[in-house]
Amino acid sequence: MTRMPEGTFIKAGGVRYHCLEMGSGLDTVLLHGGGPGCTGWSDFGQVAPLFAADRRVVIPDILQYGKSEKCRITGPMWDFHAAKTVALLDALGIGRADFVCNSWGGTIALNLAARYPERTRSLVITGSMPVFYGPLAPLPEDGRRGRNARDRYYGGEGPTREKMRDLITRLEWYDGSRLPEETLDLRYEQSLDPRERELAAMSDSPRGDWQDLTAELGRIRAPTLFMWGREDAFLTPDYPMMLARMVPRGNLHVMDHVSHHLQEEQPERYHAVVAAFLADVARQNAEQE
């Protein structure tokens, strides 16, 4: 993994974000997932330098994660995150952006695209769950597998390095033997943050009201690519196929021998597919202008 660039703290919408920036070019925002100890760099550090070769890459820690503010959220959670992310774009001087996202971050971006279409050039959504049902079968653990994993990780004797290894290799990586020790350390050490542990002890109560985004998906006009691991431990590929049909300009790419964190486990392959999609979006926009 490339050495993490120095971050900055940015006030936006009354809260404080921690952000990393790399490269120059079209504004591209990377939004990470919601697992214990996740940060922008832990989830995208493997692939961010590839995108930064020809893009301005912005990597925030989502609110309640990493070094960003551990604020309490009330009301609909995805509406809250979308509004604050737009405030962050304003603070960074970004008008429109491409969003490349994993899991939790992808649901934020989908809602943002529905509610603030003028701020979204395109979406790449990796392993996200914006609706609470599947096309073929009930979702694993009624869609609560991630929340249940978080509760188990922080429960009992509390966080340990081996519990973090088990969580990542069981739920996020297809081939756990390839998990870098550096990534494991980043996740484990961040999970020990006192404010993150305090939020985890409250289960879902400080994270806002859960929202199903069925109605919002049909309003998204941005080109959208759903990136999925064939062996995803949370949602099998029939689920993103359903999502791709719900989003008017939805597309789906399923990658073999990866699970939930494609961008970490196979960064070069992930970048190749996503970069081709983003280049096509840029080409179409140039032709229309």
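Author: What follows goes through the cavities, then the pocket, and then the helix packing.

The model is a predicted one, in which local features need pLDDT of at least 70 and side-chain atom pairs count only at pLDDT 80 or more, while totals for chains, interfaces and linings use all residues. Residues are numbered from 1 along each chain as its sequence is written, and side-chain values use heavy atoms, with hydrogens and water left out.

The search runs on a 1 Å grid over the protein atoms alone: a cavity is a set of points where a 1.4 Å probe fits but cannot get out, a pocket is an open set with protein on both sides within 12 Å along at least five of seven lines, and lining residues have an atom within 4 Å of a point. Grid points are joined across faces, edges and corners, and a volume is the space filled by probe spheres set on the points.

By this rule there are three cavities of 30 Å³ or more, and the largest cavity has a volume of about 450 Å³. It is lined by 29 residues, of which Ser103, Trp104, Gly146, Arg147 and Phe234 are the closest to its centre. Helices (H or I, at least four residues) and strands (E, at least two) are DSSP runs numbered from the N terminus, and the elements that give two or more residues to this lining are α4 (104-115), α5 (145-154) and α6 (161-171). The most comes from α5, with five residues. In the classes used here, Ala, Val, Leu, Ile, Met, Phe, Trp, Tyr, Cys and Pro are nonpolar, Asp, Glu, Lys and Arg are charged, and the others, Gly among them, are polar; the lining of the largest cavity then divides into 12 nonpolar, 12 polar and five charged residues.

The second largest cavity has a volume of about 60 Å³. Its lining includes Gly34, Gly35, Pro36 and Gly37, together with Arg150 and Tyr154, and both α5 and α8 (194-201) supply at least two of its residues. By class this lining has four nonpolar, four polar and three charged residues.

The largest pocket has a volume of about 190 Å³, and among the residues that line it are His18, Trp41, Asp61, Lys67 and Glu189. At least two lining residues come from each of β2 (15-22), α1 (40-44) and α7 (181-191), with α7 giving the largest share, three residues.

For the packing of the helices, axes are lines fitted to C-alpha atoms, for helices over the stretch in contact, and angles run from 0 to 180 degrees between N-to-C directions. Angles under 35 degrees count as roughly parallel, over 145 as roughly antiparallel, 65 to 115 as roughly perpendicular and the rest as oblique. A crossing is left-handed if the near helix is turned anticlockwise from the far one by less than a right angle, and right-handed if clockwise, while contact means heavy atoms within 4.5 Å.

The axes of α5 and α6 come within 10 Å and cross at roughly 165 degrees, and these two helices are therefore roughly antiparallel to each other. Their crossing is right-handed, and the contact is made by Arg145, Ala149, Arg152 and Tyr153 of α5 and Lys163, Met164, Leu167, Arg170 and Leu171 of α6. The residues of this contact divide into five nonpolar, no polar and four charged.

With α7, α6 packs at an angle of about 115 degrees, the axes being 9 Å apart, and this crossing too is right-handed. Met164 and Leu167 are among the α6 residues in this contact, and Leu184 and Tyr188 are among those of α7.

Finally, α3 (77-92) and α4 pack at about 75 degrees with their axes 8 Å apart, so α3 and α4 are roughly perpendicular to each other. Trp104 is one of the α4 residues in that contact, and Trp104 is also one of the residues closest to the centre of the largest cavity.
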